[in-house]
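Please keep the sequence and the coordinates at hand while reading.

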Amino acid sequence: MAHDKNASVRATLICAVILLGLIIDQRLEFWGQTLTNLAVWTLFLHWLRQAKGEDRVALTACVVYATLGEIFLSLIWGLYEYRLANVPLFVPPGHALLFMLGTIAASRLRDWIGWLVPLAAAPFAAFMLLTGADTFGALLYLMFLLCVVFGRARKLYAVMFVLALAMETYGTAMGNWTWETTVPWLGLATVNPPIAAGAFYCVLDMLVVATVRAFRSGTPSSHSRPALPAAAR
């Protein structure tokens, strides 16, 4: 019961810091981003300090992969641009917090959610493809399906797909970042945000889960039960 209560508190804090942080970042210009950076990093480092073993590996790996991904997707590929044309410092740990929120949610949902989400998203992705409004979204949806079919944390990927789409919709509506309407290098059309933007988060989480499994195979068995990877199954 205490574990469930702590998880609920964490989930509430994560939602609050994301929702309020993006508002502060947008409304207070430069200092708003600085305050959001401090808030997100403080919360992340506090929970990282409390984490042990595989949980700490998962959170650390998430920040590392997210940092590399943001540099490539935003600064090099140019898929989207943040308000100040940078990668805000709160973004990588923000991905880790969203990952934590996803594992909490996935642990409380039944296995069928892993198939319900891709089935529910399929008509929207097909409609956007057939109308030509979001041809890039169809490619992302295919990437999401591959994660669901071949990944080892199907529930987590499905939950993250929904959470990421919600955050992308909120962040773009607030003006914290903007997706390009024509995808650089590929010339595909997309919208702001793409309907299947959550696919990138699924790939991120697949990398995190794979890293944790590699860590597990390389260390002696522990009596403590891993919280993040187990909850994601």
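Ala-85 is partly exposed, since its relative accessible area is 48%. The model in which this residue is described is a predicted one. Ala-85 belongs to the loop between β1 (80-82) and α4 (91-106). Its phi is near 60°, a positive value in a residue other than glycine. Trp-185 also has a positive phi, near 75°, and is likewise a residue other than glycine. The place of Trp-185 is the loop between β2 and α8, and with a relative accessible area of 63% this residue is exposed. Most residues other than glycine have a negative phi, and most peptide bonds are trans. The loop between β2 (177-179) and α8 also holds Pro-193. Asn-192 and Pro-193 are joined by a cis peptide bond, with omega about 5°.

**Helix packing**

| Helix pair | Crossing angle | Axis separation |
|---|---|---|
| α5 (residues 113-131) and α6 (residues 135-150) | roughly 160° | within 9 Å |
| α3 (residues 53-76) and α8 (residues 198-217) | about 140° | 9 Å |
| α2 and α3 | about 150° | 9 Å |

The axes of α5 and α6 cross at roughly 160°, which makes α5 roughly antiparallel to α6. In passing α6, α5 makes a left-handed crossing. On the α5 side, the residues of the contact include Gly-114, Trp-115, Val-117, Pro-118 and Leu-119, while those of α6 include Thr-135, Ala-138, Tyr-141 and Phe-144. By class, the residues of this contact of α5 with α6 comprise 15 nonpolar, 2 polar and no charged.

For α3 and α8, the packing angle is about 140°, and this makes α3 oblique to α8. The crossing in which α3 passes α8 is right-handed. Among the α3 residues that meet α8 are Gly-53, Glu-54, Val-57, Cys-62 and Tyr-65, and among their counterparts in α8 are Phe-200, Leu-204, Phe-215 and Arg-216. The contact of α3 with α8 is made up of 13 nonpolar, 2 polar and 2 charged residues.

Helix α3 also packs against α2, at an angle of about 150°; the two helices are therefore roughly antiparallel to each other. Their crossing is left-handed. From α2, the residues Trp-41, Phe-44, Trp-47, Leu-48 and Arg-49 meet Arg-56, Leu-59, Thr-60 and Val-63 of α3. The contact of α2 with α3 counts 6 nonpolar, 1 polar and 2 charged residues.

**Cysteines**

How many disulfides does a search of the whole structure find? The search finds 0. Cys-62, which is among the α3 residues that meet α8, is in no disulfide, and the nearest cysteine sulfur, that of Cys-202, is 12 Å away. Cys-62 is buried, its relative accessible area being 0%.

Cys-147 counts as buried, at 4% relative accessibility.

Is Met-160 buried or exposed? Its relative accessible area is 1%, so Met-160 is buried. Apart from neighbours within four places in sequence, Met-160 is in contact with Leu-98, Phe-99, Gly-102, Tyr-201 and Asp-205.

Thr-34 and Gly-94 are 60 residues apart along the chain, and their C-alpha atoms are separated by 14 Å.

Conventions. Residues numbered from 1 in each chain as written. Predicted model: local features only at pLDDT ≥ 70, side-chain atom pairs only at ≥ 80, totals over all residues. Heavy atoms only, no water. Axes fitted to C-alpha atoms, helices over the stretch in contact; angles between N-to-C directions. Helix = DSSP H or I, 4+ residues; strand = E, 2+ residues; numbered from the N terminus. Parallel < 35°, antiparallel > 145°, perpendicular 65-115°, else oblique. Left-handed = near helix turned anticlockwise from the far one by under 90°. Contact = heavy atoms within 4.5 Å. Nonpolar A, V, L, I, M, F, W, Y, C, P; charged D, E, K, R; others polar. Disulfide = S-S within 2.5 Å. Buried < 20%, exposed > 50% of the residue type's maximum accessible area, 1.4 Å probe, protein only.
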